[in-house]
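Open the model in your viewer and keep the selection tool at hand.

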Amino acid sequence: MGMSNLTRLSEFILIGLSSHPEDQKPLFALFLIMYLVTITGNLLIILAIRSDPKLQNPMYFFLSILSFADICYTTVVVPKMLVNFLSETKTISYAECMTQMYFFLVFGNIDSYLLAVMAIDRYVAICNPFHYVTVMNHRRCTLLLAFSVAFSCLHSLLHVLLVNRLTFCASNVIQHFFCDVNPVLKLACSSTFVNEVMAMTEGMASVMAPCICIIISYLRILIAVFNIPSASGKCKAFSTCSSHLTVVTLFYGSISYEYFHPLSRYTVKDRVATIIYTVLTSMLNPFIYTLRNKDMKRGLEKLISRIKAQMDMLSTTQANKIHGS
């Protein structure tokens, strides 16, 4: 095909999870419920941590940031997906597609690095408890967060700029429910060699670096826990890590399945893996961290009690005004 026939597409069509019309409304209802549960659950986590003085430590500081990142992560993908479930056209403009891709990569990478930072936090708390306050001080926590955000933004910008230089022709149908990198690359007419090399080198390094950090942290934690003489001490140490390990397994397991194979092998199964780490993990995080954490349970109970008390006070005030008039 001659270069004169290659043009910059103005829009893409997102094929979604299913092309069958009868599936659209049930899928809309399912993902709307999942999205609302994700937003509500993660907001409650943030409010509980911010309002409870006993939860003002590095572990819960990073958990609140993770909850905020999860809200943003799902918001980048799900609202557009919900609109497309009820739309016949299912289109997304080129600029909107690149923007969605950028913020999807940003918040995905922030999630990844926050999980690594939380593993380091658990390592310091268990292996070096007497120096925990000085090691994980406010300044260091802020620097770790700043690095996670800055690196995620630069990493995402690099990959979006590499996609933006490509030329698209023929089909504009993305075999996915949002603008992910691999499905968009499959539509390119020009060579994607540089993109694939960067994905398998810099991209893999950006994912594997926090993953290796998590593995090393937990190996050190395991060694320290096995040296604890009492069984109750071992159980207490493991209980502080179980929630984080569950989330790490869900997140990294699904990401590894999707991204660490050649572009030519991208299939429908990758969409299912994407749902796990974009929607399902973000929805389950509040439940995982509260069901396995007594302090978070207590913080949420206090928050809910406070909200109920304020609502009762408000309803009483309104009732008095009505009777007074």
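Is Gln24 buried or exposed? Select Gln24: its relative accessibility is 9%, so Gln24 counts as buried (buried is under 20% relative accessible area, exposed over 50%, partly exposed in between, with a 1.4 Å probe and protein chains only). This is a predicted model, in which local features need pLDDT of at least 70 and side-chain atom pairs count only at pLDDT 80 or more, while totals for chains, interfaces and linings use all residues. Residues are numbered from 1 along each chain as its sequence is written, and side-chain values use heavy atoms, with hydrogens and water left out.

Stay on Gln24 and show what surrounds it. A polar atom of the Gln24 side chain lies 2.9 Å from the backbone oxygen of Ser18. Neighbours within four places in sequence aside, Gln24 is in contact (heavy atoms within 4.5 Å) with Ser18, Ser19, Asn84, Phe85 and Lys90.

Gln24 lies in helix α1, so select that helix next, residues 21-51, together with helix α2, residues 58-85 (helices are DSSP runs of H or I, at least four residues, numbered from the N terminus). Their axes, lines fitted to C-alpha atoms over the stretch in contact, come within 9 Å and cross at roughly 160°. Helices α1 and α2 are therefore roughly antiparallel (angles over 145 degrees, on a scale from 0 to 180 between N-to-C directions). The residues of this contact divide into 21 nonpolar, eight polar and two charged (Asp, Glu, Lys and Arg count as charged; Ala, Val, Leu, Ile, Met, Phe, Trp, Tyr, Cys and Pro as nonpolar; the others as polar).

Last, select Ile288 in helix α9, residues 269-291. Ile288 is buried, at 12% relative accessible area.

Definitions and conventions: Helices (H or I, at least four residues) and strands (E, at least two) are DSSP runs, numbered from the N terminus. Angles under 35 degrees count as roughly parallel, over 145 as roughly antiparallel, 65 to 115 as roughly perpendicular and the rest as oblique. A polar contact is a pair of N or O atoms within 3.5 Å; within protein, one must be able to donate a hydrogen and the other to accept it, and residues adjacent in sequence count only if both atoms are side-chain atoms.
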